[in-house]
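Q: I am new to this structure and would like a close look at one part of it. Could you walk me through the contacts between charged side chains, and where the partners sit?

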Amino acid sequence: MRLTLRLTPCHGLNGSMEPMRKLAGEGGAMAHGLALVGLPELELHGMSEAVREETEIPGAVARLLERLKGQGAIESREVHLCYDGTSDRTLIRVTAAVGEPMTGTRPVTLPGAGTAAVIRFGERPVNTGDAWLMVDTALRGKGLTAVGPYRQTIHGDGSVTLAVPVSSGTPRTEAEAGA
């Protein structure tokens with residue numbers, strides 16, 4: 001079964017599209033507004049790499065996409081990327097997955113969430129890290145926190161959807177959790 005996130009255009013959490021326009025830049029990807037929606041669980045087929053720092057994520061994504069491309073998995077298909085640092089605080093598991101089994105892939109499940117922040121761009125943002133920063137900042141302004149794992153879907157038409165489960169309140173630091 002293939003699930004696709006369906007979004008309707010809306011304004012940002014603060015009612016304005018301006019942060020999305022600034023993120024897109026001159027001639028860049030325009031975003032539909034940040035929305036809070038339920039996020040379905042996805043049963044996919046993919047491959048993963050573990051990295052220790054956020055700065056290593058783009059390299060891991062490039063390698064995984066190249067491996068999928070070598071299997072013919074990218075042309076006109078949705079590719080789901082997942083960045084999960086929730087199960088092991090010392091590693092970030094980077095996963096690239098598609099709907100159909102391919103050589104070199106294994107079954108993967110991207111967990112669903114009752115409430116997630118979702119935003120769709122007409123094309124890939126120039127800097128996905130900046131797009132996530134914008135999402136996190138907008139959430140904090142509404143008293144919400146991204147709790148991960150983070151998802152990025154590259155659609156067959158070139159558009160991109162970012163999605164992350166959220167909770168109310170601010171996250172506790174490790175020192176607060178241990179106290």
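A: The side chains of Arg63 and Glu49 come together in a salt bridge, at 2.8 Å from N to O; the term stands for a side-chain nitrogen of Lys or Arg within 4 Å of a carboxyl oxygen of Asp or Glu. Arg63 belongs to helix 2 (residues 57-70) and Glu49 to strand 2 (residues 42-51), so this pair ties together parts that are 14 residues apart in sequence. Helices (H or I, at least four residues) and strands (E, at least two) are DSSP runs, numbered from the N terminus.

This is a predicted model, in which local features need pLDDT of at least 70 and side-chain atom pairs count only at pLDDT 80 or more, while totals for chains, interfaces and linings use all residues. Residues are numbered from 1 along each chain as its sequence is written, and side-chain values use heavy atoms, leaving out hydrogens and water.

Now to the surroundings of the two partners. Glu49 is buried, with a relative accessible area of 17%, whereas Arg63 is partly exposed at 43%. Here buried means under 20% relative accessible area, exposed over 50%, and partly exposed in between (1.4 Å probe, protein chains only).

By this rule the count is two salt bridges. Asp157 and Arg120 also meet through their side chains, at 3.8 Å from N to O. Asp157 lies in the loop between strand 8 and strand 9 (160-168) and Arg120 in strand 6 (residues 113-121), so the pair links parts that are 37 residues apart in sequence. Asp157 is exposed, at 59% relative accessibility, and Arg120 is buried, at 19%.
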